[in-house]
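Subject: Structure handover

Hello,

I am passing on a structure for you to look at. Please open it before reading the notes.

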Amino acid sequence: MPHLGLVTLVVRDYDEAIAYYRDALGFELREDTPRGDGSRWVVVAPPGARETALLLARAATAQQAGRVGDQTGGRVGLFLNTDDFDRDYKRMVAAGVVFEEEPRYEPYGAVVVFEDLYGNRWDLIQPA
């Protein structure tokens, strides 16, 4: 059955992006393969993720560089599910992740909006 494998996230720099997603968000570096043209194939994912991961793609043009941090027009575009909201929220706060609000407890679950290193908006969410 088809499934969503990778989502591309345009970044300024491979190494700063790897460090952020690994150290601040707790993701695993799944692959970092140099390509002949000076680019790299860099894949990160939350621990235990089986299907979907992020492909970190360094901006190669001025147009791409202009989209770094605003790939969804200011909307929340990525959703990081957790099985322990309080644990992950506290760990991310300690790691310096920028949160836009206090956690909310909605009928669909616990949620809080945060910005990644570049300003892309995410939800940290534990579904009800």
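Predicted model: local features only at pLDDT ≥ 70, side-chain atom pairs only at ≥ 80, totals over all residues.

Residues are numbered from 1 along each chain as its sequence is written, and side-chain values use heavy atoms, with hydrogens and water left out.

Sheet. Four strands form an open sheet in the order E1-E4-E3-E2, with mixed pairing. Strands (E, at least two residues) and helices (H or I, at least four) are DSSP runs numbered from the N terminus, and two strands pair if DSSP finds at least two bridges between them. E1 and strand E2 (28-34) are the edge strands, each with a single partner strand, so one side of each has no neighbour in the sheet. From one strand to the next the twist averages 25°. E1 and E4 are parallel, paired over 6 bridges, and Val-11 has Arg-58 in E4 as its bridge partner. E3 and E4 are antiparallel, paired over 3 bridges; the E4 bridge partner of Val-43 is Leu-55, and that of Val-42 is Leu-56. Helix H1 packs on the sheet, touching E1, E2, E3 and E4, and its direction makes about 155° with that of E4. Axes here are lines fitted to C-alpha atoms, for helices over the stretch in contact, with angles from 0 to 180 degrees between N-to-C directions.

Leaving aside residues up to four places away in sequence, Tyr-21 touches Leu-9, Gly-26, Phe-27, Val-44, Leu-54, Leu-56, Asp-116 and Trp-122; contact means heavy atoms within 4.5 Å.

Loop. Thr-82 lies between E5 and H3. Its relative accessible area is 9%, so Thr-82 is buried (under 20%; exposed is over 50%, partly exposed in between, with a 1.4 Å probe and protein chains only). A polar atom of the Thr-82 side chain lies 3.0 Å from the backbone nitrogen of Asp-84.

Regards

Key: Polar contact = N/O pair within 3.5 Å; in protein donor to acceptor, adjacent residues only side chain to side chain.
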